[in-house]
Amino acid sequence: MVFRKPPDGGWGWVIVVVSFFTQFLCYGSPLAVGVLYLEWLDAFGEGKGKTAWVGSLANGIGLLASPVCSICVSSFGARPVAIFSGFMVAGGLMMSSFAPNIYFLYVSYGIVVGLGCGLLYTATVTITCQYFDKRRGLALGLISTGSSVGLFIYAALQRELVELYGLDGCLLIVGALSLNILACGSLMRPLESSSSPPPEKMCVDKVPDQYFVYHEKEKTVEENISILEKGYIDEKCVNSVPDCKQDNILNKNVLSSISVNEKDTYKKKVVEQTNFCKQLAKRKWQLYLTYWKETMVLFKNKVFSALFVAILLFDIGGFPPSLLMEDVARSANISEDDYYMPLISIIGIMTTVGKLILGILADFKWVNTLYLYVTTLLMTGVALFAIPFAKSYLTLAMLSGILGFLTGNWSIFPYVTTKTVGIEKLTHAYGILMFFAGLGNSLGPPIVGWFYDWTQEYDSAFYFSGFCVLLGGFLLLLAALPCWNACTNQSSKLPPNTYSYKVASNA
């Protein structure tokens, strides 16, 4: 398949629009699941930790399955995957309206919807990168705001739908809205060259012998030779019946003289096929070993190891507020008359602002992206420590806005990864980091919910969350200090392909 040069415009802007609405429609409900979380607590009467698994799975399973999502998009294309995933998200939401217990929601909402969102995220990013080269950063920034806008709107929308139609009606309506992903996916036209000639049929004569698969290899060589003898004799008998007996005698003599050559040829081809399979298996095994060797080399980089710990701890501690902030307000006995806007909506709109502002700051040459990222982590930890002291809607709204803005550091995370491991290792390193980010998303809310179940208050839970984020930020800061570079220069030679972050360089 031949692809044209990315047009950096034209139909690419249609791709940006439909990708924006795709992320808006698929991530709106999972990111604003805090509104549904309150309803599930009342409907099923389970503990907060057990109920929090639903939202954490929906947001974490897509990151955990990111390698599978990438393989699906590479194998089938962005448009088929987007259409199929649209059915998954819509079907999972509608199935959740009939959930008899919390365990059913783990599958319908947590796994089905979460996996569909992961597939859609990969499809939208892939198709956008195909259509844009020089303006790729702008295009990716625009489509990434779709999820944040979805969080802002769906938080208020789901709350209103629950009041009007109940929890089941809300999920049915939100699932029906998600069917619009099918229309968006149908517009994700692959970037193929229309003038490319159709692929030529492979000529059998040009195929090497070692690529033939012998379906008769279960039989012995002598059995195959006897089948050839019988077929050859039967064909001659049909063509000339009177001379059949004479031909049989001649053919037996001829076949007996060539039987040795047939055996040798067959054995030779079977040996060649066996050697080819052995070489293929050996090559795959070498690729597998190379992957793990490169992974071990990445973890020898102090900054990358600290970054891996920081992203895991950040998602364990920093993700729960977006899911549990509504329940925090209810636990603080805040009156509904003072409730001007859902706290999750504030987090969503400020996340969009944070992504844009932090992304712009990262483009300045005098800004070091690693220090900027560490600053967001430390400030997030301090904000989490302040949540137990917030007893009014105004203070909770302010903290929600601060946390939402700082959560926008996702926009500069690829910059940090690139500066840490180099552009040639970005794909490998980013996949590892996203896996652990998904693990943190999956574990964070249940851990905070279990803290509440044990203590019957959120104070210790958010102290724990703040400690996790601060610990990750301090570890990353220590790993990035200039003294590490000095120690590295005085030490012996580093292993090949090992990278160190030069904190004095401009990001």
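**Cavities and helix packing**

Modeller: The structure holds two cavities of 30 Å³ or more, a cavity being a set of points, on a 1 Å grid over the protein atoms alone, where a 1.4 Å probe fits but cannot get out. This is a predicted model, in which local features need pLDDT of at least 70 and side-chain atom pairs count only at pLDDT 80 or more, while totals for chains, interfaces and linings use all residues. Residues are numbered from 1 along each chain as its sequence is written, and side-chain values use heavy atoms, with hydrogens and water left out.

Biologist: Between which domains does the second largest cavity lie?

Modeller: The lining of the second largest cavity is formed by Pro30, Leu31, Val33, Gly34, Asn59, Phe319, Ser322 and Leu323, where lining residues have an atom within 4 Å of a point. Helix H1 (11-31), helix H2 (33-44) and helix H12 (320-331) are the elements that give two or more residues to this lining. Because both domains give residues to the lining, the second largest cavity lies between domain 1 (1-193) and domain 2 (273-487).

Biologist: How do helix H4 and helix H5 lie relative to each other, parallel or oblique?

Modeller: Helix H4 (residues 66-76) and helix H5 (residues 78-96) have axes 7 Å apart and pack at an angle of about 125 degrees. Angles under 35 degrees count as roughly parallel, over 145 as roughly antiparallel, 65 to 115 as roughly perpendicular and the rest as oblique. The angle therefore makes H4, relative to H5, oblique.

Biologist: Which residues in H5 do Cys72, Val73 and Phe76 in H4 meet?

Modeller: The residues of this contact (heavy atoms within 4.5 Å) divide into six nonpolar, no polar and no charged. From H4, Cys72, Val73 and Phe76 meet, in H5, Ala78, Pro80 and Val81.

Biologist: What is the arrangement of H11 and H16?

Modeller: Helix H11 (residues 302-318) and helix H16 (residues 413-421) have axes that come within 10 Å and cross at roughly 155 degrees. The arrangement of H11 to H16 is therefore roughly antiparallel.

Biologist: How far apart in space are Val112 and Met88?

Modeller: Val112 has its place in helix H6 (residues 102-131), and leaving aside its neighbours within four places in sequence, Val112 is in contact with Met88, Gly92 and Val107. Val112 and Met88 are 24 residues apart in sequence, and their C-alpha to C-alpha separation in space is 6.2 Å.

Note on methods
Axes are lines fitted to C-alpha atoms, for helices over the stretch in contact, and angles run from 0 to 180 degrees between N-to-C directions. Helices (H or I, at least four residues) and strands (E, at least two) are DSSP runs, numbered from the N terminus. Ala, Val, Leu, Ile, Met, Phe, Trp, Tyr, Cys and Pro count as nonpolar, Asp, Glu, Lys and Arg as charged, and the others, Gly among them, as polar. On a 1 Å grid over the protein atoms alone, a cavity is a set of points where a 1.4 Å probe fits but cannot get out, and a pocket is an open set with protein on both sides within 12 Å along at least five of seven lines; lining residues have an atom within 4 Å of a point. Grid points are joined across faces, edges and corners, and a volume is the space filled by probe spheres set on the points. Domain bounds come from an automatic or database domain assignment.
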